[in-house]
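Hi,

Here's the structure I said I'd pass along.

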Amino acid sequence: MTMASQTFSSGLHGVCIAGMGGSAIAGQMAKTLLAQKAQVPLITWRDYNLPRCVTKDWAVISVSYSGNTEETLSGFETAKKVGSTLFVVTTGGAILEQSKDLPVALLPKGIQPRAALPAIFSIVLPIVEALIGVGSTDFSELSVTLEGVVKRWGDEIMSPRDLAERISSFVPLFLGSGHLISVAYRAKCQINENAKAVAFSAELPEANHNEVEASHMYQKYGIVPIFLRSTHESKRMSARFEATDAVYRQSDCAPVHIRLNGLSELEETLAITHYLDMLSVDAADIRGVDSVRVDKIAELKRRLTEGS
Ligand code: PA5
């Protein structure tokens, strides 16, 4: 039996996807894409333990590339204690050792967790789809569409390299709405980890109620807003983006708008993620830093392990 064939069309009270950093983003994307279709709560968890609402009637998907991330292990142990239905996505480590008799999806070894997003997403999305009883995504069809989108870079939108050069002495602030909120957050993390540079993310409509008040400082701090636009935006959301653009321009700050036409929400999520991932790698190249190594994350983990 495959992991995704274990369905819980009835009796399921919720789905919790737990993981940190590069292992967490696939769950966040699955949540933002499927939350409106699900009849039970879909939550993501980036912390120790699990929320008290997660009980034996919940499904928990524990994702840790290394299998040794202490917050994820803590949530995994909590899920075992309360008797939730567990799924594990990993390459090995302690979580694999403790997963005897559990459904485990093994990820390819030897890459960075954030580079494993396509593999993690293609495991997590079908599990959630099966759990909540919605139709399953055809990934082979999806990959053909996404390959086609890459050919449009440099034509319909400027190439990631050109954008990386344009913003090289600025701090990007990625702004998304709906399903592109997770993409904005992923882009911020990719600039942090790949380019070792400062970046921020925010979401609409929330940013219209706080962030906007700081926009007169953007020029001083070299912040360039990058608006992630969806062709599925409601009219009201489009009006918000345009109004936000106008307010930012009053402070001589011109947002960059990223939009790819003719794609479904799922395709937009992955296509814009791919585009911004490449932007982060190009930014690393321009800055002359190694996009792969994450020494500070490794050092933090080492210090916490030695201190425990
Ligand atoms: O990208 C990274 O290296 C980090 O964000 C890791 O994904 C994070 O520290 C969690 O580790 P793991 O993915 O091994 O659970």
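Let's start at the ligand: one of its oxygen atoms lies 2.7 Å from a polar side-chain atom of Ser66. That's a polar contact, meaning a pair of N or O atoms within 3.5 Å. Ser23 has a side-chain N or O atom 2.5 Å from a ligand oxygen, and for Lys301 the distance is 2.8 Å. The protein buries 92% of the 380 Å² that the ligand exposes when taken alone (accessible areas by the Shrake-Rupley method with a 1.4 Å probe).

Before you go further, this is a predicted model: local features need pLDDT of at least 70, side-chain atom pairs need 80 or more, and totals for chains, interfaces and linings use all residues. Numbering runs from 1 along each chain as its sequence is written, and side-chain values use heavy atoms, without hydrogens or water.

What surrounds the ligand? There are 13 residues, with Ser23, Ser64, Ser66, Thr69 and Glu193 the closest; a residue is near if one of its heavy atoms lies within 4 Å. By type, that shell has three nonpolar, seven polar and three charged residues (Asp, Glu, Lys and Arg count as charged, and Gly is among the polar ones).

As for the overall layout, the protein chain splits into domain 1 (3-132) and domain 2 (139-287), with bounds from an automatic or database assignment. Their centres, taken over C-alpha atoms, are 27 Å apart. Twelve residues of domain 1 are in contact with 15 of domain 2, where contact means heavy atoms within 4.5 Å.

Cheers

Definitions and conventions
A polar contact is a pair of N or O atoms within 3.5 Å; within protein, one must be able to donate a hydrogen and the other to accept it, and residues adjacent in sequence count only if both atoms are side-chain atoms.
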